[in-house]
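Subject: A structure for you to look through

Hi,

Here is the structure I promised to pass on to you. Please open it next to this email and follow along as you read.

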Amino acid sequence: MRHFKHWFYALVLLLPLAANAAVKVDKAAPQFSLTNSQGENVNLADYAGKYVVLEWTNHLCPYVKKHYESDNMQALQRKYTDKDVVWLSIISSAPGKQGHVSADKANELTQSRNAAPSHVLFDESGDVGKLYGAKTTPHMYIIDPEGTLRYAGAIDSIKSANPADIPKATNYVTAGMTSLMTGSAIDKKVTPPYGCSVKYKS
Amino acid sequence: MSYIVKVFLIFIIIFQSFSAVYAQSTGVQSIDGEKVNELQSYPSSATGPHIRVSLLNEHASLVPNVTSHLGILLSPNPEWHTYWRNAGDSGEPPTVTWQSSADIEFGEIQWPLPEQIPVAHLVNYGYSGDTLLMVPITLLAPEEKESNSPATSLTNPIVITADLSWLVCKEDCIPGWATLSISLPTSSQQTLSEHSTLFENTRAKLPSDKWLNAQYEINEQYIALSTQAPYPSDWQLLPFRADLIQHSGTQQWHDDSNNEEGVTRQNVLLSKSDYFSVTNEPLAFLMTDGKSGYYVEAAFNSDGNISGESSSQSELDQSVTAIALMMFFAFLGGLILNIMPCVLPVLSIKALALANEADPKNVNHWGYLIGILISFWGFAAIVLTLKASGNAIGWGFHLQEPIIIAALSFLFVFIALMLWDVAPSGAGLAGMGQKLTQGNSFSSQFFTGVLAVIVASPCTAPFMATALGVAMVSPAITTILIFTALALGFALPMTLLAISPRFSALLPKPGNWMETFKQFLAFPMLATVIWLLWVFLAQTGSFGQLWLTAGLLAFALLIWLANKLAQKKSLIALSLAILTAGYVSIEASSFQAESPPVNNNTLELAFTPEKLKELKADEDVILVNMTADWCITCKVNEQVAFTDETLQQLLLQDDIHYVVGDWTNKNKEILDYLTQYQRSGVPLYVVYAGTKTAKVLPQVLTPSIVINAIQQAQQELNNATL
């Protein structure tokens with residue numbers, strides 16, 4: 001009986017670890033391959049040698065809207081794609097859940113919102129989201145040219161749905177990219193992300 | 001009343017209500033100084049998508065300097081929920097900013113017990129259904145003669161405004177904002193409002209006022225926390241911070257009844273959040289079992305400072321009380337030490353000497369007290385020096401050296417011989433011992449004191465052990481204080497006898513019985529020698545004991561001879577005796593008892609670097625466990641992994657060794673070992689396959705982790721020999 005109890009503990013201890021594959025900053029960013037809104041296959045490995053920003057998104061989530069309706073997110077996308085950074089917007093919403101869109105709709109949203117991601121990727125099964133431990137939309141990650149994850153967490157420092165808070169907050173993506181591009185260490189490598197929950201399948 | 005008047009009145013009433021509603025629901029441009037009007041323009045409740053929010057008051061009026069409560073009632077639609085102060089993996093707690101037309105002190109939101117709301121594989125903390133967030137408020141009475149301005153006058157009703165923000169979710173989330181206000185009159189008596197029942201009911205859902213204390217440690221993947229739950233139940237810890245633990249992780253609780261304080265504590269392992277970035281600051285949690293809740297403040301477990309209080313002030317208070325208690329114990333121990341078999345004979349000789357003496361008021365008697373104090377301070381100094389040089393020592397450390405045991409045996413035999421008058425008495429070297437302890441001079445009293453401390457060392461009185469145990473691991477000043485208390489307790493009886501005529505009058509009058517008594521006292525001395533011989537056996541084996549007993553016999557013979565022979569020959573005999581004592585002590589101590597101390601229950605070997613090297617050279621599997629009494633994670637591992645039957649069976653195998661390093665008192669060897677593996681603390685688990693490989697195990701173990709590592713090491717050794 002004691003055996004069983006200990007195996008049970010072991011299993012149960014490990015289970016949540018499996019579910020929340022601990023994504024570790026300063027370790028290699030997990031590889032993945034997803035389909036984009038043009039129907040093409042996109043691999044993270046394709047971008048070795050470049051900075052990659054991952055943005056988990058859901059266009060109906062009020063916290064994502066906060067950053068899109070204020071042009072804040074698009075401005076970041078433009079700024080960094082101009083500097084040859086690869087910006088991947090990832091939608092992990094399961095079919096039927098908020099934020100799940102068809103390829104056409106995704107392209108239409110990119111147009112209408114004047115967004116500038118390198119790709120919009122669909123992660124319907126939620127596997128890549130879980131691989132990265134993506135909890136909220138928005139949830140931001142920065143990967144350096146060597147493939148190491150350097151930042152994971154919130155987009156900025158004020159946890160609210162109010163666009164008026166954007167100018168008052170510290171933008172962690174800007175801070176992270178600036179530090180990395182000038183060769184210095186990132187001050188806050190992890191910050192607790194805020195937003196709506198990612199609408200996983202289960 | 002005429003018809004027209006009635007209609008007119010009705011019209012007026014309707015008009016009034018409309019304008020009141022109109023005034024309430026429209027915003028009025030703010031004009032400085034007309035704050036009252038502006039604040040009054042907000043409603044006391046508002047509706048947003050899927051939620052209604054209201055601002056309620058507990059009492060119908062405000063009384064100056066008496067606390068009341070306001071409440072924000074969140075009423076989401078069925079299946080929609082709002083959030084706790086830490087929303088969990090996603091979401092946002094409601095916030096409120098207050099304004100008032102009067103001087104009111106607003107407190108913090110009193111959060112009722114939240115639920116854990118699962119969302120896919122993640123977890124949020126929040127509330128479904130109606131939730132009242134209460135906030136204590138106190139109207140501060142203005143200065144007596146000062147205020148004339150209408151805003152601070154207490155005759156007008158006070159308007160309170162709340163700027164509220166919230167997030168309400170079912171699966172999708174909708175944020176909302178509203179400004180609500182209510183207007184309350186002031187009065188001199190507090191009366192309940194219509195909403196007071198709701199406030200009362202909500203109070204029952206609040207966590208307890210009392211904060212519990214806890215300690216936490218940070219491991220690679222877990223936070224280990226130790227606390228005392230008020231009663232057994234299915235507890236969960238909900239952190240105040242969102243970046244602390246994995247909210248969806250399972251919390252593993254273990255009861256630990258095996259600690260020094262004798263109370264059962266609960267240890268829990270919390271999986272760390274991916275966003276964890278805490279360094280040693282106090283952490284706050286809500287501990288709840290779904291029905292009731294307690295707030296917990298956890299302090300960082302910095303190497304064994306497990307005290308009951310977490311605040312530094314009360315920690316200070318408690319340690320002062322603890323020291324005072326220990327000093328009292330030490331004092332009692334010192335008193336009791338006076339009647340221990342090792343000490344009693346020596347003191348009795350002295351007491352008898354006192355009984356014979358004419359002048360009980362001789363100040364030289366203070367020499368005894370001073371002798372004792374100095375001896376104990378000397379002991380304390382040795383202890384502190386050894387501690388400073390990194391040696392882990394406990395009271396009785398001197399008894400771990402065989403040579404000291406041997407020397408003490410000779411001393412005690414000599415005293416017994418003295419009591420039987422077999423030892424030479426008289427002038428010169430021979431009589432020196434006697435003179436030193438039986439004379440009246442200051443130095444004789446002094447040396448009696450020193451001798452008393454020396455003979456006391458093999459005996460430990462009950463209270464003394466605790467006190468000394470504490471002294472050994474405490475800062476220098478505590479050690480010195482405790483040893484001083486011990487010295488005073490020890491010296492007290494004899495000093496009283498010596499200086500107080502009243503006490504010395506208690507001594508029986510001299511007579512023939514004294515001679516018989518003196519001879520009798522030799523026997524407790526010899527009993528102590530028997531005990532010392534037993535200890536010596538364990539230290540040096542049967543040969544060593546044989547040497548010592550033979551030596552003691554030769555010594556006794558020589559002393560007897562010295563007594564019988566004339567002066568010069570006597571001196572020779574005496575010198576021979578002393579030489580014998582010295583030589584035998586050294587020789588006998590060089591023997592080593594055969595089997596190294598092995599704890600047969602768990603087959604643990606004590607860690608020393610040499611032992612580890614030796615075992616590695618044997619090309620066997622070695623499991624090293626660096627632990628400490630105060631380490632929470634170690635205790636959890638003890639219960640989960642090390643009590644596993646398969647693992648215990650495995651450790652019994654001949655070619656697998658289990659080495660344990662106890663870092664409770666911080667010794668240098670273990671520190672060096674830890675540094676080697678870039679650790680600064682315990683636990684550290686390493687499995688060696690002989691000299692070939694070393695594998696560091698995770699800080700939180702399961703039986704399978706350890707068993708697999710051992711089996712892997714065995715495999716490697718087998719492969720190597722193939």
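Below is what I found, going from one chain to the other.

Please keep in mind that this is a predicted model.

**Chain A as a whole**

Chain A has 202 residues, and 54% of them count as buried. You will find six helices and nine strands in this chain. Looking at contacts in chain A with a separation of 6 or more, 75% are between residues 24 or more positions apart. The accessible surface of chain A is about 8600 Å², and carbon and sulfur atoms make up 54% of that area.

Is A:Ala28 buried or exposed? Its relative accessibility is 65%, and a residue over 50% is called exposed, so A:Ala28 counts as exposed. Leaving out residues up to four places away in sequence, A:Ala28 touches A:Gly147, A:Thr148 and A:Leu149.

**Two helices in chain B**

Now move to chain B and look for helix H13 (residues 513-564) and helix H14 (residues 567-589). Their axes come within 9 Å and cross at roughly 180°. Angles over 145 degrees count as roughly antiparallel, which is why H13(B) is described as roughly antiparallel to H14(B). What kinds of residues form the contact of H13(B) with H14(B)? The contact has 18 nonpolar residues, six polar and one charged.

In soluble globular proteins, nonpolar side chains tend to be buried together. Here, the largest nonpolar core holds 67 residues, and those touching the most other members are B:Val343, B:Ile372, B:Phe376, B:Phe490 and B:Leu548. Several helices of chain B give two or more residues to this core, among them H4 (312-337), H6 (366-388), H11 (476-499), H13 and H14. Which element gives the largest share? That is H13(B), with 15 residues.

Apart from neighbours within four places in sequence, B:Phe490 is in contact with residues including B:Val343, B:Ile372 and B:Phe376. Its other contacts include B:Gly334, B:Asn338 and B:Ala452.

There is also a second, separate core of 59 residues, which includes B:Trp98, B:Tyr125, B:Leu212 and B:Leu286.

Enjoy exploring!

Best wishes

Key:
Residues numbered from 1 in each chain as written. Chains lettered and ligands numbered in written order. Predicted model: local features only at pLDDT ≥ 70, side-chain atom pairs only at ≥ 80, totals over all residues. Heavy atoms only, no water. Axes fitted to C-alpha atoms, helices over the stretch in contact; angles between N-to-C directions. Helix = DSSP H or I, 4+ residues; strand = E, 2+ residues; numbered from the N terminus. Parallel < 35°, antiparallel > 145°, perpendicular 65-115°, else oblique. Nonpolar A, V, L, I, M, F, W, Y, C, P; charged D, E, K, R; others polar. Buried < 20%, exposed > 50% of the residue type's maximum accessible area, 1.4 Å probe, protein only. Contact = heavy atoms within 4.5 Å. Areas by Shrake-Rupley, 256 points an atom, 1.4 Å probe, with all protein chains shown as cover. Core = buried A, V, L, I, M, F, W, Y, C linked by side-chain atoms within 4.5 Å.
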